[in-house]
Amino acid sequence: MPSVLFILTSCNKTLTGKPTGWYLPEAAHPYYVLAPHATIDFASPAGPNPPLDHGSAEAFKGDKESVQFLKDETVSQKLANAKKLSEVNLKDYDAIFYVGGHGPVIDLSADELNAKLASDAWKEGKVVSAVCHGPAALVQAVDASGKSIFSGRNFTGFSNNEEEIVGMVQEIPFLLEDKIKALGGQYEKASDPWGPKVVVDGKLITGQNPASAACVGEAILKAIQ
Ligand SMILES: *[C@@H]1O[C@H](CO)[C@@H](O)[C@H](O)[C@H]1NC(C)=O
């Protein structure tokens, strides 16, 4: 069976101290797409039990997969056993996947171990994927020549417009759309905010927002099968 490493934030507070964490459906939807076909592990900078964004649990309390994810014994065990990034052996995985939430923009974007992990995954030809704010975890990822993995590639992720709509611009160190465009990425988005959008450019798979999470899971599955 192919294997996928889900990487989640360990950050539970925004820049001004609002509660945050990883965004529930962005883990739950790809998880249930992939779980029948792939081995899945979790990792985060601080290891076990990365912080859930409780706002996402509230917003998705009517969503079947999100509710199931929180009650799922297997998932709870995997979260309790989430590896620290220093404990990850990339050889064990065919793909890495970054779950969103505002947390990754704050911790994973600046984490040196994560920068190395993502760069190594890319150089080794593994699938590198992310949804919503997850691509922020890849801003330090470089290819063998030291260039950003976004340079000259198409990508998507949470838009400036969506960030303004949710009133979170002041809560994060940078706007994902602006930052990755500055790294040479060609940004694409759905015609309307919150619409599903997935961009596959070689081994780089990105999704725009929560509505894109299941489609990102499907794109990862296709890429590793
Ligand atoms: C990237 O986007 C451009 C412009 O939309 C398109 O022509 C090109 O085919 C895309 N490349 C990939 C690899 O998807």
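Biologist: What should I know before I start?

Modeller: Residues are numbered from 1 along each chain as its sequence is written, and side-chain values use heavy atoms, with hydrogens and water left out. In this predicted model, local features need pLDDT of at least 70, side-chain atom pairs count only at pLDDT 80 or more, and totals for chains, interfaces and linings use all residues.

Biologist: In which order do the strands of the open sheet run?

Modeller: Strands are DSSP runs (E, at least two residues), numbered from the N terminus, and two of them pair if DSSP finds at least two bridges between them. Here seven strands follow the order β3-β2-β1-β4-β5-β9-β8, with mixed pairing. At the edges, β3 (83–84) and β8 (198–201) each pair on one side only.

Biologist: In what sense do β1 and β4 pair?

Modeller: Strand β1 (residues 3–7) and strand β4 (residues 95–98) are parallel, with four bridges. Valine 4 has alanine 95 of β4 as its bridge partner.

Biologist: Which residues surround the ligand?

Modeller: A residue counts as near if one of its heavy atoms lies within 4 Å of the molecule. Asn154, Glu188, Val200 and Asp201 surround the ligand.
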